[in-house]
Amino acid sequence: MAVYISDSAQNTLNFAREYAKTLKAGDVVLLNGEMGAGKTVFAKGVALGLGITDEVLSPTYAYMNDYNGKLYHYDCYRLSCGAQAEALGLCDYFYGNGICLIEWAQNIADVLPENCKTVTIKKTGDSLREIEY
């Protein structure tokens, strides 16, 4: 694992834009971090790196936002088990040609594919973030 230190939301966005270049179709990325750590900012950067110009919003109530089949951004905070994700059809996207970014993935750990990538964002100050990838 490597660590990047970000001192602003803009730096987190820029780092994520570059990180997106390391991803390939079918990758599943678990995006860990407490509320307010910058997971959605990271997702916005990944989207930009993939050439997605749509506004990226947290999918808290939709569970998953689909950005043209290139990026699937999940928020599993309100799910309590993998069976719920399966019932909602969310697992179907893990094996497609898009990239899945999953927030609160620990809530559906029992249905995640093997070989997921992990990005962990830790708040270390008001605007400081430690991004482990």
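Strands are DSSP runs of E of at least two residues, helices are runs of H or I of at least four residues, and both are numbered from the N terminus. Two strands count as paired if DSSP finds at least two bridges between them. The model is predicted, so local features need pLDDT of at least 70 and side-chain atom pairs count only at pLDDT 80 or more, while totals for chains, interfaces and linings use all residues. Residues are numbered from 1 along each chain as its sequence is written, and side-chain values use heavy atoms, with hydrogens and water left out.

Seven strands form an open sheet of mixed pairing, in the order β1-β7-β6-β2-β5-β4-β3. Its edge strands, β1 (3-6) and β3 (64-67), each pair on one side only. From one strand to the next the twist averages 15°, where axes are lines fitted to C-alpha atoms, for helices over the stretch in contact, and angles run from 0 to 180 degrees between N-to-C directions.

Strands β3 and β4 are antiparallel and are joined by four bridges. They form a hairpin with three residues between them, and Asn68 in the turn has a positive phi of about 55°. Asn65 stands opposite His73 in β4. Strand β4 (residues 71-75) also runs parallel to strand β5 (residues 99-103), to which five bridges join it. In β5, Leu101 is the bridge partner of His73, and Glu103 is that of Asp75.

Five of the five residues of β4 are buried, that is, under 20% relative accessible area with a 1.4 Å probe and protein chains only; exposed means over 50%, and partly exposed lies in between. In a regular strand the side chains alternate between the two faces of the sheet. In β4, Leu71, His73 and Asp75 point one way, and Tyr72 and Tyr74 point the other way.

Helix α1 lies across β1, β2 (28-32), β6 (117-123) and β7 (129-132), and runs at about 150° to β1. Helix α2 packs on the sheet, touching β2, β4, β5, β6 and β7, and its direction makes about 175° with that of β4. Contact means heavy atoms within 4.5 Å.

Thr12 lies in helix α1 (residues 9-20). Thr12 is buried, with a relative accessible area of 3%. Not counting residues up to four places away in sequence, Thr12 touches Ser6, Gly38, Val41, Phe42, Arg129 and Ile131.
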